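Please look through the structure below before reading on.

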Amino acid sequence: MSGVAMDRVDYIQKTDMVISVNGGKVRIVTNLKLDVCFSGELRNNATVFNASRQMSESGIKVFIPHSDQLQDVEKVTAGNIAVLSGLKGTVTGDTLVKSESSAKKAAKRHHASKHDRLNPSADVALADDFDDMTVEAEGEGRSTEGGSTAVGLVLAGIDPPEPVFFCSIEPPSLAELHPFERALNELLVEDPSLRMRVDKERQQTILEGMGELHIEIVKDRLLREYGINAFLGPLQIAYRERIESAVRHAHTLVDTINDLTMNIRLDFSIAPNPGSGPLKQVQIDLEDENAPFIRRGWFAAIKEGCENAMLNGPVLGFPVQDVSVTLRAIVASGGKVNPALISACANICLTDAMKLANAHILEPIMRIEVTVLGDSAEIATQGVTKELGRRRAEVLAVDGDGMTFSAVHARAPLADLIGFASAVRAATSGLGSLHMELDGYHRMTPEEQSHLVQRVKAGHVV
């Protein structure tokens, strides 16, 4: 979803896809939306501000698409479909605005109207959180609930499902490392469901995707479009971890640079927050009224440290989710504190806190639909349900007439669905179609978790 408004609210709302034109990358801005809060125009060679990533994009070229042809234009007004080139750091789902000051003004107006609706008699200046319509929790000063004071209004973007498979990926040689990294970054911009991270313990690049075919397509595109024959490690299930109890923990980190000793002490409380998913924000609730002012750089470092800690859980090193994190105290001394020291302190503090919180493993559960057409639908359906029974599946319903059409609905752990597509093809003689999507993460039983831990420690692929 995308929109242009460069006057009152000053928003271009989202980039939806990336296409290749004359060998270069341009981004399509589609489905423009206009109402009383969205007006104005976007001109050629304009500079815009990415409110999602807090960066400016300059030298933007504006085109109007006509089928596969692009027409140069001087400007595009709200309500039109436009193609923008020259966006270097913008990815799918980002919000672009005219300027940073425009974003702040829009956020203040939205917050004022929201606060008036909820608390007509209260003082608007007392509250600082702009949670409605998804606001970045990175700013300066204090906040009550969504982190620090927001620096701009960020419209709700694409929220792709969490990856369920991952594997290591490496270039064929060190000489191709930079082209390999550049190619991966371009693929990540085009596909928001594809993720990449670096395992610092193993010094490996980890690629995360939605399925076996998804990962294979990435490998094929690297070879076909970039000429890089990347090496993929064994495909593994993306388990998650979640804590069971609330914990409060503090940590102090000391570092000396150029004979200057810097101290940073952070105090966090963490608690289970089922259904919240991966960590999106760090709440701030400082107990000391004389606590130091939290600068934007400090808060960004704290958030980065917490997010890095969440990537490696205390049980088997899988990412941790469904956790709320609150900063209770911060003490800094030694002059200008290095943000890297703050990030490291937050990482260590949160890692130690999770070890005390009795974490457990969550496994991905898939929702399955198998559709069978043809005269042998009844026999094929029996074969499918029998196959599901061997894979810890729960059959939810069987629809259709049972003779020429049948649809089987079920739920099953992803770990038991490896090779299920081939089994369905065999059971239905190629007449069945399979659709799977992530239904959520469920807690493993103690027996299942113990078996998984033993397999991992023995070096087996999970």
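An axis here is a line fitted to C-alpha atoms, for a helix over the stretch in contact, and the angle between two axes is taken between their N-to-C directions. The model is a predicted one. With that in mind, take helix H4, residues 296–310, and helix H5, residues 339–355: their axes come within 7 Å and cross at roughly 40°. The crossing of H4 past H5 is right-handed. On the H4 side the contact includes Gly297, Trp298, Ala301 and Ile302, and on the H5 side it includes Pro339, Ile342, Ser343 and Ala346. Sorted by class, the residues of this contact are 11 nonpolar, 6 polar and 1 charged.

Ala344 also lies in helix H5. Is Ala344 buried, partly exposed or exposed? Its relative accessible area is 31%. Buried means under 20% and exposed means over 50%, so Ala344 is partly exposed. Between Ala344 and Cys306 there are 9.0 Å in space, C-alpha to C-alpha, and the two are 38 residues apart in sequence.

Strand S19, residues 260–272, pairs with strand S21, residues 323–333, in the antiparallel sense, and 10 bridges join them.

Elsewhere, strand S6, residues 46–50, contains Asn50. Asn50 counts as buried because its relative accessibility is 0%. Which residues does Asn50 contact, leaving aside neighbours within four places in sequence? They are Met55, Gly89, Thr90, Asp94, Thr95 and Leu96.

Now consider the whole protein chain. It holds 8 helices and 25 strands. Of its 462 residues, 44% are buried. Among contacts with a separation of 6 or more, 70% are between residues 24 or more positions apart. The accessible surface of the chain is about 22,800 Å², and carbon and sulfur atoms account for 51% of that surface.

Technical notes:
Residues are numbered from 1 along each chain as its sequence is written. This is a predicted model: local features need pLDDT of at least 70, side-chain atom pairs count only at pLDDT 80 or more; totals for chains, interfaces and linings use all residues. Side-chain values use heavy atoms; hydrogens and water are left out. Axes are lines fitted to C-alpha atoms, for helices over the stretch in contact, and angles run from 0 to 180 degrees between N-to-C directions. Helices (H or I, at least four residues) and strands (E, at least two) are DSSP runs, numbered from the N terminus. A crossing is left-handed if the near helix is turned anticlockwise from the far one by less than a right angle, and right-handed if clockwise. Contact means heavy atoms within 4.5 Å. Ala, Val, Leu, Ile, Met, Phe, Trp, Tyr, Cys and Pro count as nonpolar, Asp, Glu, Lys and Arg as charged, and the others, Gly among them, as polar. Buried means under 20% relative accessible area, exposed over 50%, partly exposed in between (1.4 Å probe, protein chains only). Accessible areas come from the Shrake-Rupley method with a 1.4 Å probe; for residues, only the protein chains shown count as cover. Two strands pair if DSSP finds at least two bridges between them.
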